[in-house]
Amino acid sequence: MADGSPRPFEALLFDMDGLLLDTERLFMEALVTVSRPLGLDEGEVRAFFLTLVGTSVQKTTQRLAEFLPDGVDVAAFDQTWRAANAAQRQGPVPLRPTVGQVIPALAASGHRMAVVTSTKRAPALDHLRSAGLLDHFEIIVGGDEVSANKPDPAPYLQAARALGVDPTRCAAFEDSDLGTQAAVAAGCVTTQIPDLRPDVPMPALGQRRATDLEGAVTALGIDLPGAPATA
């Protein structure tokens, strides 16, 4: 804090897709688009996509193989899907509500921050750079840099270790159930801010819950000096 009083946390750890970046909807619509030539029901495709939120690239590919009709080249379909997602993006990667105010304010206040994502490092850096967020984070942990992916706690433990802090002294922010499980298992004080998720009850893991990042941060007693007012 600016007045020198102790901070409630030594580091702040953030998921990326669906938490910082409003990318999940775009990815879902791309899947719907590339599934049409296969004759798949759009409702079923959207419901299937919700089961992928928070999973690693490897797990997504595995589930695609189980979901797609027999005879479909899964690797080629996956590439087509990702190309369609990239092609539909125009301008900077969009942000989730209040992120554009909260992250710069936290960085300006000197908070140590990391991104912990299941997305591979190279595209994660590209997306964060496009969104104007990359320079605010000290550490980026990509899904291809960890010993195990979420819901395993390994990504959050690795981020805390890289920052030189105890994970129990970290606040973690997640949108997905799998990511929330990982952060809680790592010992972080975890807040879940749901975005797209299946129509099932949220897991009761002792996590806090919020509707946007600003509410999540302020509920933890983290000041946001200088943050512009949000609508």
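Predicted model: local features only at pLDDT ≥ 70, side-chain atom pairs only at ≥ 80, totals over all residues.
Residues are numbered from 1 along each chain as its sequence is written, and side-chain values rest on heavy atoms, with hydrogens and water left out.

The largest nonpolar core comprises 33 residues, and those with the most contacts inside it are Phe14, Leu20, Ile103, Leu106, Phe173 and Leu213; such a core is a set of buried Ala, Val, Leu, Ile, Met, Phe, Trp, Tyr and Cys residues joined through side-chain atoms within 4.5 Å. At least two residues of this core are supplied by each of strand E1 (11-14), helix H5 (99-108), strand E2 (113-116), helix H6, strand E4 (170-174) and helix H9 (213-219), where helices (H or I, at least four residues) and strands (E, at least two) are DSSP runs numbered from the N terminus. Helix H5 gives the largest share, five residues. Apart from this core lies another, of 19 residues, which includes Val34, Leu68, Val74 and Trp81. Phe173, leaving aside neighbours within four places in sequence, is in contact (heavy atoms within 4.5 Å) with residues including Leu12, Phe14, Tyr156, Leu213 and Val217.

Six aromatic pairs are present in the structure; rings of Phe, Tyr and Trp (its six-membered ring) pair if their centres lie within 6.5 Å, and planes under 30 degrees apart count as stacked, over 60 as edge-to-face and the rest as tilted. Phe27 and Phe49 make an edge-to-face pair, with 6.0 Å centre to centre and 90° between the planes, and this pair links distant parts of the chain, since Phe27 lies in helix H1 and Phe49 in helix H2 (residues 42-50), 22 residues apart. Phe27 is buried at 17% relative accessibility, and Phe49 is buried at 2%, where buried means under 20% relative accessible area, exposed over 50% and partly exposed in between (1.4 Å probe, protein chains only). Phe48 and Phe67 form a stacked pair, 4.0 Å centre to centre with 5° between the planes. Phe48 counts as buried at 10% relative accessibility, whereas Phe67, at 25%, counts as partly exposed. Ring pairs also link Phe14, Phe137 and Phe173 into a cluster.

On a 1 Å grid over the protein atoms alone, a cavity is a set of points where a 1.4 Å probe fits but cannot get out, and a pocket is an open set with protein on both sides within 12 Å along at least five of seven lines; lining residues have an atom within 4 Å of a point. Grid points are joined across faces, edges and corners, and a volume is the space filled by probe spheres set on the points. The largest pocket has a volume of about 670 Å³ and is lined by 30 residues, of which Asp17, Phe27, Arg82, Thr119 and His127 lie nearest its centre. Helix H1 (24-35), helix H3 (57-67), helix H4 (74-88) and helix H6 (121-130) are the elements that give two or more residues to this lining. The structure holds one cavity of 30 Å³ or more, and the largest cavity has a volume of about 60 Å³. Among the residues that line the largest cavity are Gly18, Arg96, Ile193 and Asp212.
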